[in-house]
Amino acid sequence: MTPDTLKLYHSPASPNSRRVRIFLAEKGLKVPLVAIDLGKGEQHSQAYRAINPRRVVPTLVLEDGTAIGEVPAIMRYLDEAFPEKPLLGATPKDKGLIAMWERRAELEGFAAVMEGVRNKIAGLKGRAIAGPHDYEQIPALVERSVLRVKNFFADLNERLGQAAGVIANGSPDRGSFSV
Ligand SMILES: N[C@@H](CCC(=O)N[C@@H](CS)C(=O)NCC(=O)O)C(=O)O
């Protein structure tokens, strides 16, 4: 199997799609891209729903038609299918540490930003949560989201300071570099 037999359904402006495009670039993989226009609501079309009933991007489609949604799942598939340059860890310890930092960054940083954006911008009225169901915005969540993001960056800075120490001490540990 080669990367050109895969297809990544994505949107150029979507942060979740971007995570996968960055991952592909870091691994040096060229996967054919199919753009879904979220502004025009293409994610809700019958054609796209047949690929991903959750109506979100990104989706990775394999040669046999299997569709994998959810960014961490797509990254996991790519890292295991093309193991030459593992980005998610090569040993059980590294895999565990990287999964831990990845999940923290997603839950505490990425989700916090998304909560603020989706509850604020006019274009997402009635669509406060991506997916097959419509949810009204809750403006009060925006202020809390700003605080969550601030705290996330402060915590991240502290972590990066510790990781810099690990690098300086000459004991490289890939898990320490995953955020
Ligand atoms: N949990 C999903 C989230 C995917 C998601 O929220 N994608 C957004 C773009 S960043 C989307 O497709 N939004 C469509 C919409 O808002 O209707 C993942 O990890 O892939």
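**Questions on the chain and its parts**

Reader: Which residues is Val57 in contact with, leaving aside its neighbours within four places in sequence?
Author: This is a predicted model. Leaving aside neighbours within four places in sequence, the contacts of Val57 are Tyr9, His10, Ser11, Ser14, Asn16, Ser17, Ile36 and Gln43.

Reader: Is Val57 buried or exposed?
Author: Val57 is placed in the loop between helix 2 and strand 3 (59-61). A residue is buried if 20 or more other C-beta atoms lie within 10 Å of its own. Because Val57 has 25 C-beta neighbours inside 10 Å, it counts as buried.

Reader: Where does Ile36 lie, and why is it classed as it is?
Author: Ile36 lies in the loop between strand 2 (33-35) and helix 2 (46-51). Neighbours within four places in sequence aside, Ile36 is in contact with Tyr9, His10, Ser11, Glu42, Gln43, Tyr48 and Val57. Since 24 other C-beta atoms are within 10 Å of Ile36, it is buried.

Reader: What separation do the C-alpha atoms of Ile36 and Pro3 have?
Author: Ile36 and Pro3 are 33 residues apart along the chain. The separation of their C-alpha atoms is 20 Å.

Reader: What is the pattern of the chain, read along the sequence?
Author: The chain has five helices and four strands. Read along the sequence, these follow the pattern β-α-β-α-β-β-α-α-α.

Reader: Which residues of strand 2 and strand 3 are partnered with Tyr9?
Author: Strand 1 and strand 2 run parallel and are joined by three bridges. Strand 1 and strand 3 run antiparallel, also with three bridges. In strand 2, Tyr9 stands opposite Val34, and in strand 3 the bridge partner of Tyr9 is Thr59.

Reader: How many nonpolar, polar and charged residues are in the shell around the ligand?
Author: The ligand is surrounded by 13 residues, the closest being Ser14, Asn16, Val56, Val71 and Ala130. By class, the shell has seven nonpolar, four polar and two charged residues.

Reader: How far apart do the C-alpha centres of domain 1 and domain 2 lie?
Author: The chain is divided into domain 1 (3-81) and domain 2 (92-177). Five residues of domain 1 are in contact with four residues of domain 2. On the side of domain 1 that touches domain 2 there are three nonpolar, no polar and two charged residues. The distance between the two C-alpha centres is 21 Å.

Reader: What percentage of the residues of the chain count as buried?
Author: The C-alpha atoms of the chain fill a box of roughly 55 × 45 × 20 Å, taken along the principal axes. Of the 179 residues of the chain, the share that counts as buried is 17%.

Technical notes:
Residues are numbered from 1 along each chain as its sequence is written. This is a predicted model: local features need pLDDT of at least 70, side-chain atom pairs count only at pLDDT 80 or more; totals for chains, interfaces and linings use all residues. A residue is near a molecule or strand if its C-beta atom, placed from the backbone, lies within 6 Å of it. Ala, Val, Leu, Ile, Met, Phe, Trp, Tyr, Cys and Pro count as nonpolar, Asp, Glu, Lys and Arg as charged, and the others, Gly among them, as polar. Domain bounds come from an automatic or database domain assignment. Two residues are in contact if their C-beta atoms, placed from the backbone, lie within 7 Å. Helices (H or I, at least four residues) and strands (E, at least two) are DSSP runs, numbered from the N terminus. A residue is buried if 20 or more other C-beta atoms lie within 10 Å of its own, exposed if 12 or fewer, and partly exposed in between; C-beta atoms are placed from the backbone. Two strands pair if DSSP finds at least two bridges between them.
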